Amino acid sequence: MSRTPLVAGNWKMHTTTAEAAALAAAVVRGPLPADVEVAVCPPYTALAAVARALDGSAVRLGAQDVFWEPRGPYTGEISPPMLVDLGCRYVIVGHSERRQHFGETDEAVRRKAAAALAHGLVPIVCVGERVDERDAGRTDAVVRRQVEQATAGLPDERVRLLVVAYEPVWAIGTGRTPTGEEAGRVAGVIRDALGAAGEDVRVLYGGSVTPVTVSEFSGRPGIDGVLVGGASLDASAFVSIVRAFSR
Ligand code: PEP
């Protein structure tokens with residue numbers, strides 16, 4: 001089956017509401033190709049402003065995290081129905097910065113992904129090895145474990161809907177990337193870990209993607225797009241990354 005490429009921008013803890021709206025408007029101006037799905041993931045505080053800026057365009061709105069309960073006494077948390085209410089289609093789950101700085105576990109990632117899917121959101125589940133794990137030759141085992149635990153208990157028809165981003169931790173924000181061949185190989189490990197649903201799931205690469213490095217990953221069988229951090233804060237760089245995935 002054919003998987004529509006997806007290029008998603010993770011704006012992390014950047015942009016005021018005015019900056020976010022201006023950035024989103026510049027992304028919409030593109031020009032964007034029709035055969036690549038595009039999503040931007042601003043901070044929670046800018047979701048409403050960005051939703052307005054995206055209105056009438058094909059660019060999708062995403063959030064950077066979500067809690068698994070729909071409501072309740074969870075001070076500071078944001079639920080799946082709240083994101084749906086703001087017009088979100090995607091939500092990043094299990095980003096390595098959340099695993100590293102906020103102690104997010106595989107079990108938390110599993111609960112978040114399942115809750116997102118249950119409310120009609122598409123989780124972009126981030127997996128990837130740290131440099132010490134890579135040096136110890138444990139990349140495949142780590143990624144396999146993260147994928148299996150994130151999807152444990154989910155029926156195949158739900159697994160098919162999600163997106164997995166392979167983001168080696170050592171490549172995020174460092175300017176270093178694996179080769180396209182290596183990323184494509186790990187994408188294969190991810191599909192294998194997803195079982196029967198694997199061929200339908202979009203697997204992205206993420207980590208130091210720029211208009212220069214993107215050619216290593218675009219057009220690579222098994223890599224269905226990219227999750228972009230730093231370069232997504234520059235509309236023209238982001239648009240050029242999107243265009244690299246157009247056939
Ligand atoms: C990310 O944080 O998801 C990411 C890929 O960051 P960067 O592109 O800046 O390496």
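Q: Where is Thr 15 found?
A: Start with how elements get their names: helices (H or I, at least four residues) and strands (E, at least two residues) are DSSP runs, numbered from the N terminus. On that scheme, Thr 15 sits in the loop between E1 and H1. This is a predicted model, so to speak for local features a pLDDT of at least 70 is needed, side-chain atom pairs count only at pLDDT 80 or more, and totals for chains, interfaces and linings use all residues. Residues are numbered from 1 along each chain as its sequence is written, and side-chain values use heavy atoms, with hydrogens and water left out.

Q: What is the phi of Thr 15?
A: Thr 15 has a positive phi of about 85°, although it is not a glycine. Lys 12 is another non-glycine with a positive phi, of about 50°. Lys 12 is also in a loop, the one between strand E1 (6–10) and H1.

Q: Which residues does the cis peptide bond join?
A: Look at omega here: the cis bond joins Gly 30 and Pro 31, with omega at about 5°. You'll find Pro 31 in the loop between helix H1 (17–29) and strand E2 (37–41).

Q: How many strands make up the closed barrel?
A: Strands of a sheet pair through backbone hydrogen bonds, either parallel or antiparallel. Two strands count as paired if DSSP finds at least two bridges between them. Here eight strands form a closed barrel in the order E1-E2-E3-E4-E5-E6-E7-E8, with parallel pairing. From one strand to the next, the twist averages 25°. For angles, axes are lines fitted to C-alpha atoms (for helices, over the stretch in contact), and the angles run from 0 to 180 degrees between N-to-C directions.

Q: Are the residues of E7 buried or exposed?
A: The cut-offs come from relative accessible area: buried is under 20%, exposed is over 50%, and partly exposed is in between (1.4 Å probe, protein chains only). Strand E7 (residues 202–206) is mostly covered, with five of its five residues buried. In a regular strand the side chains alternate between the two faces of the sheet. In E7 both faces are covered: Arg 202, Leu 204 and Gly 206 lie on one side, Val 203 and Tyr 205 on the other.

Q: Over how many bridges do E6 and E7 pair?
A: Strand E6 (residues 163–166) pairs with E7 in the parallel sense over four bridges. Tyr 166 has Tyr 205 of E7 as its bridge partner. Going from E6 to E7, the chain passes through helix H9 (residues 180–193) in a right-handed β-α-β crossover. Right-handed here is a viewing rule: with the strands pointing away from you, the path from the first strand over the helix to the second runs clockwise.

Q: What stands opposite Tyr 205 in E8?
A: That's Val 226. E7 and strand E8 (residues 225–228) pair in the parallel sense over two bridges, and Gly 206 has Leu 227 as its partner in E8.

Q: Which residues lie on the two sides of E4?
A: Strand E4 (residues 90–93) has Tyr 90 and Ile 92 on one side and Val 91 and Val 93 on the other, all buried. Strand E3 (residues 60–63) pairs with E4 in the parallel sense over two bridges, with Gly 62 partnered by Tyr 90. E3, helix H3 (residues 80–85) and E4 make a right-handed β-α-β unit. E4 and E5 pair in the parallel sense over four bridges, and Tyr 90 stands opposite Val 122 in E5.

Q: What volume does the largest pocket have?
A: On a 1 Å grid over the protein atoms alone, a pocket is an open set of points with protein on both sides within 12 Å along at least five of seven lines, while a cavity is a set where a 1.4 Å probe fits but cannot get out; lining residues have an atom within 4 Å of a point. Grid points are joined across faces, edges and corners, and the volume is the space filled by probe spheres set on the points. The largest pocket comes out at about 430 Å³. It has 15 lining residues, and the closest to its centre are Lys 12, Met 13, Gln 64, Arg 98 and Phe 102. Helix H4 (residues 96–102) gives the most to this lining, with four residues.
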